Amino acid sequence: METYTIQTASREETTELAYKLGTLVQPGDVLTLEGDLGAGKTTFTQGLAKGLGVKRNVNSPTFTIMKEYNGRLPLYHMDVYRLENSDEDLGFEEYIYGEGVCVIEWAQFIQEYVPQDKLSITIRHKGDNQREIELQPAGERYITLVKELLS
Ligand code: ADP
Ligand code: MG
């Protein structure tokens, strides 16, 4: 699987990349977001939401598992960390296979619900303001999306 790596040197650069992605996503797109605490997952999601036209402020969904925002398309921001080792079915399929855009943090904890085709995004801390953002598209739709994003 091909991966694309982008270096950002500031919060703003990460936001800008995510914003552009937000302008390009389509109904049903699934994105997973991985990275340590402070890597920039929330920052990235905020930029993506802006690009989607979400006006409300996006913050971490840790204590709610899923937050829905309305933009050009619905945005479903999920943080399923608390579902580790749990068999709880919170109706993910409705969102994941719905008409909105899903951003899933800690997707490995609900692996059985996460489609094979998706864009996996990993953010790595490289210095105070340096981050490495790895994009791994699985499936034609996401290869196209990444090419548009980087063009
Ligand atoms: P997470 O949700 O992964 O825990 P946050 O997005 O909440 O991370 O926090 C990332 C922090 O790192 C913010 O304080 C942000 O300003 C800072 N930061 C510094 N450089 C960058 C960068 N290049 N990209 C994203 N965030 C950055
Ligand atoms: Mg966060």
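The structure is a predicted model, in which local features need pLDDT of at least 70, side-chain atom pairs count only at pLDDT 80 or more, and totals for chains, interfaces and linings use all residues. Residues are numbered from 1 along each chain as its sequence is written, while chains are lettered from A and ligands numbered from 1 in the order in which they are written.

The chain contains four helices and seven strands; helices (H or I, at least four residues) and strands (E, at least two) are DSSP runs numbered from the N terminus. Along the sequence these elements follow the pattern β-α-β-α-β-β-α-β-β-β-α. The radius of gyration of the chain is 14 Å, close to the 15 Å that the globule rule gives for 151 residues, so the chain is as compact as a globular protein of that length. The radius is taken over C-alpha atoms, and the globule rule is 2.2 Å times the number of residues to the power 0.38. Along the principal axes, the C-alpha atoms fill a box of roughly 40 × 35 × 30 Å. Of the 151 residues, 37% count as buried, a residue being buried if 20 or more other C-beta atoms lie within 10 Å of its own, exposed if 12 or fewer, and partly exposed in between, with C-beta atoms placed from the backbone. Among contacts (C-beta atoms, placed from the backbone, within 7 Å) between residues at least 6 apart in sequence, 63% join residues at least 24 apart.

The seven strands form an open sheet with the order S1-S7-S6-S2-S5-S4-S3 and mixed pairing, where two strands pair if DSSP finds at least two bridges between them. Strand S1 (4-8) and S3 are the edge strands, each pairing on one side only. From one strand to the next, the twist averages 20°. Strand S3 (residues 66-70) runs antiparallel to S4 and is joined to it by five bridges; the two form a hairpin with three residues between them. In this pair, asparagine 70 stands opposite proline 74 of S4. S4 also runs parallel to S5, again with five bridges, and histidine 77 has valine 103 in S5 as its bridge partner. Strand S4 (residues 74-79) includes aspartate 79, which is buried because 24 other C-beta atoms lie within 10 Å.

Leaving aside residues up to four places away in sequence, valine 103 touches Leu31, Leu33, Thr45, Leu48, Leu75, His77 and Met78.

Helix H2 (residues 41-51) is mostly covered, with eight of its 11 residues buried, among them Phe44, Thr45 and Leu48. The cover over the buried residues of H2 includes helix H1 (11-24), strand S2 (30-34), S3, S4, S5 and strand S6 (118-125). H2 is followed by glycine 53, whose phi is positive, near 85°. Helix H4 (residues 140-150) lies across S1, S6 and strand S7 (131-138), running at about 145° to S7; axes are lines fitted to C-alpha atoms, for helices over the stretch in contact, and angles run from 0 to 180 degrees between N-to-C directions.

Conventions:
Contact = placed C-beta atoms within 7 Å.
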